[in-house]
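Have a look at the model first, then see how you do.

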Amino acid sequence: AKRLLRRTLAQLRDPIDRGIPIVGLEPSCVSVFRDEMRNLMPQDPLANRMREQTFLFSEFLTEHAKGVALPRLQRRAVVHGHCHHKSLFGMSDEEKVLERLGVEAQVLDTGCCGMAGSFGFEAGEKYEVSVKVAEQRLYPAVRSTDDETLLVADGFSCREQIRQGTNRQPLHVAEVAHAA
């Protein structure tokens with residue numbers, strides 16, 4: 001992990017040194033640079049600068065593009081939060097961005113989607129556990145929404161779990177912004 005992080009830091013040295021924000025879409029990837037890298041390389045000044053310059057898409061819009069007018073999309077949405085997203089960053093930036101887009105959003109209390117990265121892709125018992133977790137809260141919440149309501153989930157594994165288990169197409173908040 002340290003070797004891969006050092007290679008990433010070397011590739012991004014110039015933008016980091018120049019103070020350019022790094023915007024990530026996948027919560028688990030952003031958590032690597034904001035949380036795990038700090039634990040693995042606490043004394044590395046380049047790693048610390050990268051951590052400070054790395055943002056989720058929604059955070060970047062909320063913190064660095066406050067005055068930018070976003071297009072409007074008058075829709076309703078339910079939002080499922082990725083586990084890393086909820087535990088490390090919270091969901092308020094997604095709510096703020098969706099509100100700025102004109103989307104009436106409700107963050108669901110759905111817990112974990114059950115996919116847990118590649119866990120739910122593995123055949124046999126792991127897949128079955130993954131589906132059981134999703135059936136506890138996520139799938140029923142998704143199934144209770146009408147087809148006009150947008151489903152928003154920023155985590156890749158969460159979107160895949162929703163697609164596989166409900167035949168609904170969840171969107172990343174960036175895709176909702178693009179649609180607007």
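**Strands and salt bridges**

Q: In β5, which residue is the bridge partner of valine 79?
A: Heads up: this is a predicted model, where local features need pLDDT of at least 70, side-chain atom pairs count only at pLDDT 80 or more, and totals for chains, interfaces and linings use all residues. Residues are numbered from 1 along each chain as its sequence is written, and side-chain values use heavy atoms, with hydrogens and water left out. β3 and β5 (residues 150-153) pair in parallel over 4 bridges; strands are DSSP runs (E, at least two residues) numbered from the N terminus, and pairing takes at least two DSSP bridges. The β5 partner of valine 79 is valine 152.

Q: How many salt bridges turn up in the whole structure?
A: Here a salt bridge means a side-chain nitrogen of Lys or Arg within 4 Å of a carboxyl oxygen of Asp or Glu. One of them links aspartate 14 and arginine 18 at 2.9 Å, N to O. The whole-structure search comes to 9.

Q: Is glutamate 160 buried or exposed?
A: Glutamate 160 forms a salt bridge with arginine 163, with the closest N and O atoms 3.3 Å apart. Buried means under 20% relative accessible area, exposed over 50%, and partly exposed in between (1.4 Å probe, protein chains only). Arginine 163 is partly exposed at 22%. Glutamate 160 has 17% relative accessibility, so it counts as buried.
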